[in-house]
Amino acid sequence: MSTPVDGSKAPVQDTVPEAQEAAALPADLQDERLIASNGVSGAISAFTSRLRSGDLGSVPVVVGLVIIWAVFQIANSSFLSSRNLVNLTLQTTSVGVIALGIVLVLLLGEIDLSVGSVSGLAGAVLGVTFVNKGWPLLLSLVVSALLGLVIGLFYGALYTRFGVPSFVITLAGLLGFLGLQLLVLGKEGTLNIPFDSGIVKFATQSFLSPALAYGLVAVVVAAYALSRLRNRGARAAAGLSTAPTAMIAIKAAALALVLLIPVLVLNGDRGVSSMFLLFVALVLATDFMIRRTRWGRSVVAVGGNVEAARRAGINVRFIYLSVFAACSTFAAVGGILATARLIAVNQSTGGGDTNLNAIAAAVIGGTSLFGGRGSAYSALLGALVIMSISNGLALLSLDSSVRYMVTAGVLLVAVTIDSLSRRSRQAHGRA
Amino acid sequence: MTVTPTPATVGTGTVLSLRGVSKRFGAVQALKNIELDVRAGEVLALVGDNGAGKSTLVKTIAGVYTADDGSMVFDGAEVRVGSPAEAQQLGIATVFQDLALCDNLDVVANLYLGRELRNGKVLDEVEMERSSWELLRQLSAKIPSVRIPVASLSGGQRQTVAIARSLLGQPKVVMLDEPTAALGVAQTAEVLNLVERLRERGLAVILISHNMADVMAVADRVAVLRLGRNNGVFTVSETKSQDIIAAITGATDNAVSERAARRTRQEGSAS
């Protein structure tokens, strides 16, 4: 069985030096049709060829972010000031957390249109139980977040039991939970959260000390470099190709720069907000779940081909249930954070453009509407884009009419890039 | 093609046998008293016209349908297969015609989909990639890279991935539903080579095909179904393809065999 008849003929007929060379190559680089890409220059050329084939990843959103920031900085020189950027991180968090849930749902190729209403409802429940009923803060927080979980399980059950399209289920949820939010808030309509409560302090006044922030950056960079080196060692031991150590060093240095510069700028004012740090931690955790666990792999597989996933023995029903539940829970947490930051909850919490901002953030960040393709980081990047526009236009004293139209334009561009790059990926066999 | 005698080292025992299997769909008798024996280290081709019941039979063995009547003996014990998962656990792997691969995932992810190797709770990508290469090498499969999305592979390579995936569960019987349909010449040869690899590994292979050339090239025996009934089992080395076609169509005088006979006569008179 280990002596194949046909396949081994070609190597045997090869001249001796070539055969030796093949034996020295790692197991994954032996095919002669592979275009060799070695070292740092090879990594760069592989990256550019990936871009050309339409596998854009987060490049468009990063470019977009740079352009948007440059434009606003030219229009108003205080846009990139430390003070305004700290505000931006605070504004980004709530929408970003909600967008994180949207990323998961989009990975499945589904949609949740009710995240705004669910976030508003969670805020209302927090306000009513904590302020009016006098529940302990922790209990109120847990109940509000669990409410999101239950709503998501309800969506998932409707979807998996009856096959109702998620578009319709969550459209009903959009209206229904808005109604429930108004009911919960009652006649007053507005509830103020006490200034001295833990959650408000966390959302508005809690910042990392500069030393702690720099320490965190150092820990993250060190952990990244270590994990890459360990992975390199494991691959070498398994006889697979390895990234050159120079490449790992360059990537770690780039990561250090990308983290240090914002921390440096933010420390010029109040510093890195604890709430924003929580958001980044959630992004990292979600990214880990998507890329490194069996659950995440199953989510991407279901988004790519449900039937294939089912035949591979994946519990498709559980995947749908868990993703809808996670999405609504993220929405509820986003609503809690929004309530805490604004120190109040009212009838318009989670209303207006919250919904579409969150969905737009996920798509602008590079998560495909067509399912099976996306990353947790798109929530972070997309939310930064959306909130930069909103923040910048507010600095220029332009009202929401302009903001809506500009955001719509950016969203259209993002979706167009998604569709175009999808077509290009198909043409280049990278779908 | 080459006449490949079954290697003596490979077990020649019967792995799977069906006795009197019947299946009805409403008023239609899809399968009637089907008898079938599949031996280890043997390629059994299952042929028949459209509607002869090939797919129904495969789906019955694979656990997609349950037979109304009859028994199935697998590895010496009578078994009842209630679902595809049960069949897989027994050791009956099926590669369906639509390959059921996830285009957006790479080869490694597709191979291990649903049974990923893990280090604690974390996916063990390195080990999965290493053993993917090992498996593909054993099959002499030609896949340039296992880290590219399946979408970028050719039809034959996709078929290879699908077949390789079916082998990960250590099956004893592999059923291939029209693996060479819609493939080019070179890719068909690649897949047929792969079928021979499976036989060398001592697996029992059930191959459904409409292509007589493929069947004659790779199969040891051919079981013919006609209108849901057995219509003969042929040993390929002792049979002409006209006889099999006759069994498929149910007539000795038909257009195909007449044309073949005419050609034989012409060639005979020419030489």
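1. Two strands are taken as paired if DSSP finds at least two bridges between them, and strands (E, at least two residues) and helices (H or I, at least four) are DSSP runs numbered from the N terminus. On that basis strand 4 of chain B and strand 5 (residues 77-79) of chain B are joined by three bridges and run antiparallel. The two form a hairpin with two residues between them, and B:D75 in the turn has a positive phi of about 55°. Within the pair, B:V73 has B:E78 of strand 5 of chain B as its bridge partner.

2. On provenance, this is a predicted model, in which local features need pLDDT of at least 70 and side-chain atom pairs count only at pLDDT 80 or more, while totals for chains, interfaces and linings use all residues. Residues are numbered from 1 along each chain as its sequence is written, with chains lettered from A and ligands numbered from 1 in the order in which they are written.

3. B:I34 lies in strand 2 (residues 28-39) of chain B. It counts as buried because it has 24 C-beta neighbours inside 10 Å, the scale being 20 or more other C-beta atoms within 10 Å for buried, 12 or fewer for exposed, and partly exposed in between. Neighbours within four places in sequence aside, B:I34 is in contact with B:L18, B:V21, B:L57 and B:N230. B:K23, eleven residues away in sequence, is 9.5 Å from B:I34, C-alpha to C-alpha.

4. A second open sheet in chain B has six strands in the order 6-9-10-3-11-12, and its pairing is mixed. Strand 6 (92-95) and strand 12 (229-235) of chain B stand at its edges with a single partner each, so one side of each is left without a neighbour in the sheet. The twist averages 20° from one strand to the next. Helix 1 (residues 54-62) of chain B packs on this sheet as well, touching strand 3 (42-48), strand 6, strand 9, strand 10 and strand 11 (221-226) of chain B, with its direction at about 145° to that of strand 9 of chain B.

5. Strand 9 (residues 173-177) and strand 10 (residues 204-208) of chain B pair in the parallel sense over five bridges, with B:M175 opposite B:I206 of strand 10 of chain B. Helix 8 (residues 241-249) of chain B lies across strand 3, strand 11 and strand 12 of chain B, at about 25° to strand 11 of chain B.

6. For chain A, the assignment, whose bounds come from an automatic or database source, gives domain 1 (60-194 + 273-344 + 351-431) and domain 2 (207-270). Their C-alpha centres lie 27 Å apart, and the contact takes eight residues from domain 1 of chain A and seven residues from domain 2 of chain A. Helix 5 (82-107) and helix 12 (274-292) of chain A are the elements giving two or more residues to the domain 1 side, where helix 5 of chain A gives the most, with five residues.

7. The contact between the chains takes 35 residues from chain A and 32 residues from chain B. On the chain A side, the elements giving two or more residues are helix 10 (210-237), helix 13 (294-304) and helix 14 (306-311) of chain A, and the largest share, five residues, comes from helix 13 of chain A.

Terms used
Axes are lines fitted to C-alpha atoms, for helices over the stretch in contact, and angles run from 0 to 180 degrees between N-to-C directions. Two residues are in contact if their C-beta atoms, placed from the backbone, lie within 7 Å.
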